[in-house]
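Biologist: I'm new to this one, and I'd like to learn how to read it. Could you walk me through it step by step?

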Amino acid sequence: MDRLEDLASSLETLAFHGFQTPTVGNGEKESPAIEILRIKEQMSNQCFEMTVKLQSGESKRSCSASDAEKDLPDYVNTLEEAKITHFNKTLALHRMQVWHVISEKLKQRDPEAEAMRKLTNHSLDLCLKIKTLQQESFELQDQITALQKQRLDLKRLTHEKMKEMEELKTKGEHPVAEEYRNVLQKAQSYLEKYQKMVAIEQNVLRGIIIASKVNWREDPKLREIAMTLEDITISDD
Amino acid sequence: MSLLKPFSKLPELNTANILLVENEEQFQQILAETIVLLKKNVNVNVRLARSLPLPIENEKFRPRIDLVVFIINLTSELSYQSAEVSLKFLDPDYFLGKVCFLVTNARNASVPPERLISVRKLVASLHCPLLFAEDQMTDGVNTAAHRLLAILKVTSGHVPMATGLYLSSLTRCTVPSDIDQQNFD
């Protein structure tokens, strides 16, 4: 009876493992059940190899080695994709199994289940807090970006204004100075013209006085005029 | 033609057979002893040969060979040539994962680099894995024995969900395209 019980329990553990041999370290003693399972897996593996060989023998097509080389990467890619999907599906299956076990456990009334429930509640609270904090940080981030935009605009405006000011500074002397110079030149030309006229008239007057042979030293008015005539010189020839 | 065929005999329970082919018989003896002494759950029989074809007299008593390992010593050109010649006596089905190449003395300075390049090209054209082994120290021999045992377990079906072809498609030797311009200065 004991032996049967032992066998039954070992078979139960094997059934839990899904009838795959648990990997035993090399050289350790195995229970006969596991050994039988291992040998069975070996045989199925070898049979699989032989069936593969038979199948490949059936569909034989004659083609050159270069053709085969060309097709090879495609087949390798399909193989890789199959492996990857298989792995992903195994992972998903494990996830589902773990979730199932956890949910089953949570429904029970163990002290372990109590601890798990407390843990899940605590993590839920933390997640809520995380959510609110994230919301706040998003809002603050938006505000920061708005402020940065404003600052950038202001910077641009000040830059433009500075440019305008500099342009005005360099050019601003010019138009006023030009008019000033024009007016000055005009005035100078007028002045010269009138000076010439005055010089000519004074020469004429001098000539008249000398030609009329009047003694201008005795008459005070004539003397004044003659004196002033001497001072004036023709400014330009 | 006495080709060595992988599937011409039935496999035995819980056993794996490995064949080491080496022209000089120095390394295979040590490697065979190390492999047999490793701790494992499988009965491993190691058979040694200098070259293929194997003698016909033993044909009936020879079990099914799960893995054929060609040991090439890079310091001798003869080793490489005899391995090349032996390849012809191997059934093409073996090259789908049941053949492995083991190279020794790759770090030796007297080895011309072209030999390693030609070995790599040969192995890459056969889509087989290429291992490098250190045969002077016991640690190197142990490592090589462990690796060969791992590959042997896969090719003899002792690893579930893995076959020799699967493993060799992952571990096969490839030749980088600039191999002719490589220099190890």
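Modeller: Happy to. Let's begin with the order of elements: from the N terminus on, chain A runs α-α-α-α-α. Keep in mind that this is a predicted model.

Biologist: How many helices and strands are there in chain A?

Modeller: Chain A has 5 helices and 0 strands. Of its 237 residues, 9% count as buried. Among contacts in chain A with a separation of 6 or more, 17% join residues 24 or more positions apart.

Biologist: Now the two chains together. How do I read the interface between chain B and chain A?

Modeller: The size of an interface is often given as the accessible area lost when the parts come together. Here, chain B and chain A bury about 2,100 Å² between them, with 50% of it on carbon and sulfur atoms. In residues, 28 from chain B are in contact with 21 from chain A.

Biologist: And how many salt bridges are there between chain B and chain A?

Modeller: The count between them is 2. One joins the side chains of B:Lys98 and A:Glu49, at 3.3 Å from N to O.

Biologist: Which elements of chain B give two or more residues to the side that touches chain A?

Modeller: Those are α4 (138–155) and α5 (164–171) of chain B. The biggest giver is α5(B), with 4 residues. By type, that side of chain B divides into 10 nonpolar, 11 polar and 7 charged residues.

Biologist: Let's move to salt bridges over all chains. What is the count?

Modeller: It comes to 12. Take A:Lys107 and A:Glu104, whose side chains meet at 3.8 Å, N to O. The two are separated by about one helical turn, because they sit 3 residues apart in helix α3 (residues 65–107) of chain A. A:Lys107 is exposed, at 65% relative accessible area, while A:Glu104 counts as partly exposed at 37%.

Biologist: Where else in chain A is there a pair separated by about one helical turn?

Modeller: Look at A:Arg156 and A:Asp153, 3 residues apart in helix α4 (residues 111–211). Their salt bridge has its closest N and O atoms 3.6 Å apart. A:Arg156 counts as partly exposed at 46%, and A:Asp153 is partly exposed too, at 40%.

Biologist: What about a pair that links distant parts of the chain?

Modeller: Chain B has one: the side chains of B:Glu134 and B:Arg107 meet in a salt bridge at 2.3 Å, N to O. B:Glu134 lies in the loop between β5 (130–133) and α4, and B:Arg107 in the loop between β4 (99–104) and α3, 27 residues apart. B:Glu134 counts as partly exposed at 26%, whereas B:Arg107 counts as exposed at 70%.

Biologist: Is B:Arg115 buried or exposed?

Modeller: B:Arg115 counts as buried, because its relative accessibility is 14% and the cut-off for buried is under 20%. Its place is in helix α3 (residues 113–126) of chain B. Leaving out residues up to four places away in sequence, B:Arg115 touches B:Leu74, B:Thr75, B:Ser76 and B:Glu77. A polar atom of its side chain lies 3.5 Å from the backbone oxygen of B:Thr75.

How values were computed. Residues numbered from 1 in each chain as written. Chains lettered and ligands numbered in written order. Predicted model: local features only at pLDDT ≥ 70, side-chain atom pairs only at ≥ 80, totals over all residues. Heavy atoms only, no water. Contact = heavy atoms within 4.5 Å. Buried area = accessible area lost by both parts, 1.4 Å probe. Salt bridge = Lys/Arg side-chain N within 4 Å of Asp/Glu carboxyl O. Nonpolar A, V, L, I, M, F, W, Y, C, P; charged D, E, K, R; others polar. Buried < 20%, exposed > 50% of the residue type's maximum accessible area, 1.4 Å probe, protein only. Polar contact = N/O pair within 3.5 Å; in protein donor to acceptor, adjacent residues only side chain to side chain.
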